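Welcome! Please take a moment with the sequence and the 3D view below, and then read on for a short tour.

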Amino acid sequence: MFVISLTDWQFGAPTFAFVGIANFREVLADEGFRASLLNTIVYVLIVVPGTVILGLAIAVLIESGRSLRALYRALHFLPFMATIAAMAIAWEALLHPTIGLVNQTFLAMGLPTANWLRDEVTALPVLAIIGIWQNLGFAMVLFLAGLKSIPRDLYDAAEIDGADRWLDRLCTVTLPMLNPVSMFVVIVVALRAFEAFDTIKVLTQGGPGHASDVLLYTLYRESFEYLRTGYGASVAVIFLAIVVALTLIQARAMDKRVHYQ
């Protein structure tokens with residue numbers, strides 16, 4: 001891929017020529033690429049905290065409940081198991097500007113409606129909400145496993161030390177003991193967010209304009225729609241470098257938090 005990024009090869013062409021870093025210069029000067037990079041960062045910054053916070057909250061609520069735990073786990077995990085393309089088509093129907101259930105509900109409640117997937121302001125946040133919904137079950141299951149591994153004795157000891165309220169026990173026992181799981185969830189969900197493609201391909205095709213364009217869709221469009229394979233390969237190299245760098249930064253930044261006595 002790196003070698004191809006140094007060429008002017010177009011998909012299917014019998015010949016190519018080496019152009020050095022010309023593709024990378026073109027990519028970095030391209031306003032469309034910069035827009036997709038910014039959109040990807042915004043998407044990740046919405047999806048990761050939303051998924052982690054909601055996944056932890058749901059896991060704590062399910063674990064503290066007394067009945068129907070298996071049902072609640074299954075309901076929240078189903079989106080993660082669903083076919084992404086089919087899920088995107090279902091969301092397209094829900095978000096239809098006139099007959100969609102979302103706008104119909106808003107009208108019944110007297111709230112303003114919108115063309116959610118064709119508005120530059122709402123397209124990317126709506127896709128991020130769908131991303132949170134899709135990854136929520138994955139985070140929930142991992143947090144449930146982490147909660148079950150916390151010894152009950154720690155909660156008893158915290159209660160003796162004065163942590164009577166659930167919030168005190170959450171801050172002094174639950175969250176510190178979940179640090180290893182939390183680090184794993186953050187890294188995996190961040191990687192999955194960077195890989196967002198299917199819902200964007202089905203729902204918005206990067207539009208309107210470049211409002212919902214992300215790096216992986218830019219890579220696909222340049223390589224397989226415009227057949228600019230050398231240019232697409234350079235986008236792939238930059239994408240890979242960003243993902244690896246952010247993963248290493250996350251792991252290093254959170255490393256101190258995952259060790260406990």
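A salt bridge here is a side-chain nitrogen of Lys or Arg within 4 Å of a carboxyl oxygen of Asp or Glu. This is a predicted model, in which local features need pLDDT of at least 70 and side-chain atom pairs count only at pLDDT 80 or more, while totals for chains, interfaces and linings use all residues. Residues are numbered from 1 along each chain as its sequence is written, and side-chain values use heavy atoms, with hydrogens and water left out.

**The chain as a whole**

- The protein chain has 13 helices and 0 strands; helices (H or I, at least four residues) and strands (E, at least two) are DSSP runs, numbered from the N terminus.
- Along the principal axes, the C-alpha atoms of the protein chain fill a box of roughly 75 × 50 × 25 Å.
- Of the 261 residues in the protein chain, 39% are buried; buried means under 20% relative accessible area, exposed over 50%, and partly exposed in between (1.4 Å probe, protein chains only).
- The accessible surface of the protein chain is about 14400 Å², and 68% of this belongs to carbon and sulfur atoms; accessible areas come from the Shrake-Rupley method with a 1.4 Å probe, and for residues only the protein chains shown count as cover.
- Among contacts in the protein chain between residues at least 6 apart in sequence, 67% join residues at least 24 apart, where contact means heavy atoms within 4.5 Å.

**Salt bridges**

- Side chains of opposite charge can pair when their charged atoms come close.
- The structure holds 6 salt bridges.
- In the opening pair, Arg221 is buried because its relative accessible area is 10%, and Asp213 counts as buried at 0% relative accessibility.
- Arg228 and Glu26 meet through their side chains in a salt bridge (2.5 Å, N to O).
- Arg228 lies in the loop between H12 and helix H13 (229-255), and Glu26 lies in helix H2 (residues 22-29), so this pair ties together parts that are 202 residues apart in sequence.
- A network of salt bridges links Glu26, Glu222 and Arg228.

**Helix H12 and what follows**

- Helix H12 covers residues 215-225, and its buried residues are Leu215, Tyr217, Thr218, Leu219, Arg221, Glu222 and Ser223.
- After H12 comes Leu227, whose phi is positive, near 60°.

**Thr199 and its neighbours**

- Thr199 lies in helix H11 and counts as buried, at 5% relative accessibility.
- Leaving out residues up to four places away in sequence, Thr199 touches Ile84, Met87, Ala88, Leu127, Ile130 and Thr204.

- Rolling a probe the size of a water molecule over the atoms shows where empty space is left.
- On a 1 Å grid over the protein atoms alone, a cavity is a set of points where a 1.4 Å probe fits but cannot get out, and a pocket is an open set with protein on both sides within 12 Å along at least five of seven lines; lining residues have an atom within 4 Å of a point.
- The largest pocket holds about 610 Å³ of space; grid points are joined across faces, edges and corners, and a volume is the space filled by probe spheres set on the points.
- The largest pocket is lined by 17 residues, and those closest to its centre are Val60, Glu63, Ser64, Arg152 and Tyr155.
- Helices H3 (31-64), H8 (152-160) and H9 (166-177) each give two or more residues to the lining of the largest pocket, and H3 gives the most, with 6 residues.
- The lining of the largest pocket divides into 9 nonpolar, 2 polar and 6 charged residues; Ala, Val, Leu, Ile, Met, Phe, Trp, Tyr, Cys and Pro count as nonpolar, Asp, Glu, Lys and Arg as charged, and the others, Gly among them, as polar.
- The second largest pocket has a volume of about 210 Å³.
- Lining the second largest pocket are 13 residues, with Ile84, Gln134, Arg192, Glu195 and Ala196 nearest its centre.
- H7 gives the most to the lining of the second largest pocket, with 3 residues.
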